[in-house]
Amino acid sequence: MTVHSLESLVQAVLASSKSNDWRRAVNEWVVVDLEEEPAGTGVCVCGQTNLVKLFTIKNELNGAVLYPIGSVCVNKFGREDLDRQVSVFSDLHALRKALVEGQDVALTSEFFSRALLEYLLDSGAFTPDQWNFSDGERDYDFLAKMFNKRNKDTISTRQQQKIYMLLRNKVFPFVLTQ
Ligand SMILES: [Zn+2]
């Protein structure tokens, strides 16, 4: 098993970036996809073997795509927003898996995070309807507020029902089509 090589990573990234300078080049990229390969046969662009989580990153300036790349290498870009994208994609993947397996999914930190809820908002999961007065952000605000409650016992039955409806009618279908 080879280990992550910073040099190989830098070479691979620079070869597909507009800038020739690593510190500038890292700003050209976004995380666009995650696939999982439980058998661990994936090989990172840096040469690291046994990858299970295979991320795809895309260069926003020239459209170049690097795949597969491991989370350790994405973290080496030194960008908090990319690290956040990595964790959101991982959460999204775990949530989809739980849904496909028919697990009982609730609005808890086992399946959700603040960043994931924000991603769902930004991606259009909260469609406008008569109940949110055609403003999907109201759905997000409600779910985020409920998610952040430290004492879940203070959530009323009515609120529980609304959470359930939003998850079932908006979040789950959206996640399953991702
Ligand atoms: Zn790597």
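These are my notes on a few places I looked up in this structure, which is a predicted model.

**Entry 1: S113**

I began with S113. I found S113 in the loop between α4 (80-100) and α5 (114-122). Is S113 buried or exposed? Its relative accessible area is 18%, so I put S113 down as buried, since the cut-off for buried is under 20%.

Next I looked up the contacts of S113. I left aside the neighbours within four places in sequence, and S113 is then in contact with D91 and F147. The side chains of S113 and D91 make a polar contact, at 3.0 Å.

**Entry 2: helix α5**

I moved on to α5. Which residues of α5 are buried? I noted A115, L116, L117 and L120.

G124 follows α5, and its phi is positive, near 85°.

**Entry 3: strands β2 and β3**

I turned to the strands. β2 covers residues 53-59 and β3 covers residues 65-69. In which sense do β2 and β3 pair? They pair in the antiparallel sense, over three bridges. I looked up I57 and found that its bridge partner in β3 is L66.

Last, I checked the turn of this hairpin. Five residues lie between the strands β2 and β3. In this hairpin, G63 takes a positive phi, near 75°.

Definitions and conventions
Residues are numbered from 1 along each chain as its sequence is written. This is a predicted model: local features need pLDDT of at least 70, side-chain atom pairs count only at pLDDT 80 or more; totals for chains, interfaces and linings use all residues. Side-chain values use heavy atoms; hydrogens and water are left out. Helices (H or I, at least four residues) and strands (E, at least two) are DSSP runs, numbered from the N terminus. Buried means under 20% relative accessible area, exposed over 50%, partly exposed in between (1.4 Å probe, protein chains only). A polar contact is a pair of N or O atoms within 3.5 Å; within protein, one must be able to donate a hydrogen and the other to accept it, and residues adjacent in sequence count only if both atoms are side-chain atoms. Contact means heavy atoms within 4.5 Å. Two strands pair if DSSP finds at least two bridges between them.
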